[in-house]
Amino acid sequence: MRKNKILNIILICIALLLISILIFHQKDNKLYNYSNQIIEDEITEEDYFKSIKELEDKILNNESDKKIAYLTFDDGPYYNTYKVLDILDKYNVKATFFTTSINGEKCYDKRSQNCLLLYQEYYKRGHTIANHTYTHSIWRGLYKSSNSFIDAVLKQEEHVKNYADGYKTNIVRFPGGSNSAGKLKNEIIQKLRQNGYGWIDWTAYDGDGGKLKNKKQAWKNFTSTIDQNIEVILLHDYNSITTNLLPDIIEYLKNNGYELYPLFYESNMVNK
Ligand SMILES: [Zn+2]
């Protein structure tokens, strides 16, 4: 009798273990799907990015008149992130967010309460979450050595994983741009490669990371830097001038023949 009881307990334990593995596995699968919308359209994340890569190749080989713009937002999650996400939804545009948790940790948005919970919104709404280092401390230690930089990247990777249900980042943007790394740049790039990361700067901007006076100046900056068939546009989701200008930015790009996509590791624009 006692033996049977023990056997039953063992069987129940195994069953529970199997069920939990199954649940975890399903959850895991869900994470790597591109977005709810893509699932409805029955396009896998892999096929979606593959089709963008093919379009990029054609554009770069002058085999297509089409144009691509990658909207990228740095330094969030932070105040205004929700506004940016809602505008992107309204226009059905997917973008890329180069995240740093240093701002989000101090930020309590009315809607999200803790801004770090916005990590879930990024990926649920189909955007790419990229890595902008945990500390973003350009002048205080980030570029002290290649190890200090990589540590900040891996710490941010962990943070995103924790807050966005296991989402793994694989694209980095150097805070201040890659030239901020100075003579450490090559060493850092090598270590990024070893850790499975690509990196990217930008080709266009509205100047919202610097001293931007007003909407008019931002618009002038933006329109004067749009001159290539594939653009990577640097914006910041904390900046209210950009938030106010975003509908105009999207409409301008669409009216000028640009298709707007989120970035992905295999993109020609991502350095490896
Ligand atoms: Zn930044």
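Visitor: What makes Asp75, His132 and His136 donors of the zinc ion?

Guide: In this predicted model, Asp75 (OD), His132 (NE2) and His136 (NE2) lie 2.1 Å from the zinc ion. A donor is an N, O or S atom within 2.8 Å of such a metal, so these three residues qualify as its protein donors. Along the chain they follow the spacing D-x56-H-x3-H.

Visitor: Which parts of the chain does the pair of aspartate 75 and histidine 136 tie together?

Guide: Aspartate 75 is in the loop between strand 1 and helix 4, whereas histidine 136 is in the loop between strand 5 (128–131) and helix 7 (146–163), so the pair ties together parts that are 61 residues apart in sequence. Both residues are buried.

Visitor: Why is histidine 127 called buried?

Guide: Histidine 127 has a relative accessible area of 2%. Buried means under 20%, so histidine 127 is buried. Its place is in the loop between helix 6 and strand 5. Among the residues that histidine 127 touches are Leu85, Leu88, Phe97 and Tyr167.

Visitor: Why is strand 9 described as largely enclosed by the rest of the structure?

Guide: Seven of the seven residues of strand 9 (residues 230–236) are buried, so the strand is largely enclosed. Both of its faces are covered: Ile230, Val232, Leu234 and His236 lie on one side, and Glu231, Ile233 and Leu235 on the other. In a regular strand, side chains alternate between the two faces of the sheet.

Visitor: How do you know that strand 8 (residues 204–205) and strand 9 pair?

Guide: Two bridges join these parallel strands. Pairing requires at least two bridges, so strand 8 and strand 9 pair. Tyrosine 205 stands opposite leucine 234 in strand 9. From strand 8 the chain crosses through helix 9 (residues 215–225) to strand 9, in a right-handed β-α-β crossover.

Conventions:
Residues numbered from 1 in each chain as written. Predicted model: local features only at pLDDT ≥ 70, side-chain atom pairs only at ≥ 80, totals over all residues. Heavy atoms only, no water. Donors = N, O, S within 2.8 Å, 3.2 Å for Na, K, Ca; no water. Helix = DSSP H or I, 4+ residues; strand = E, 2+ residues; numbered from the N terminus. Buried < 20%, exposed > 50% of the residue type's maximum accessible area, 1.4 Å probe, protein only. Contact = heavy atoms within 4.5 Å. Right-handed = clockwise from strand over helix to strand, strands pointing away. Lists of a residue's contacts leave out its neighbours within four places in sequence.
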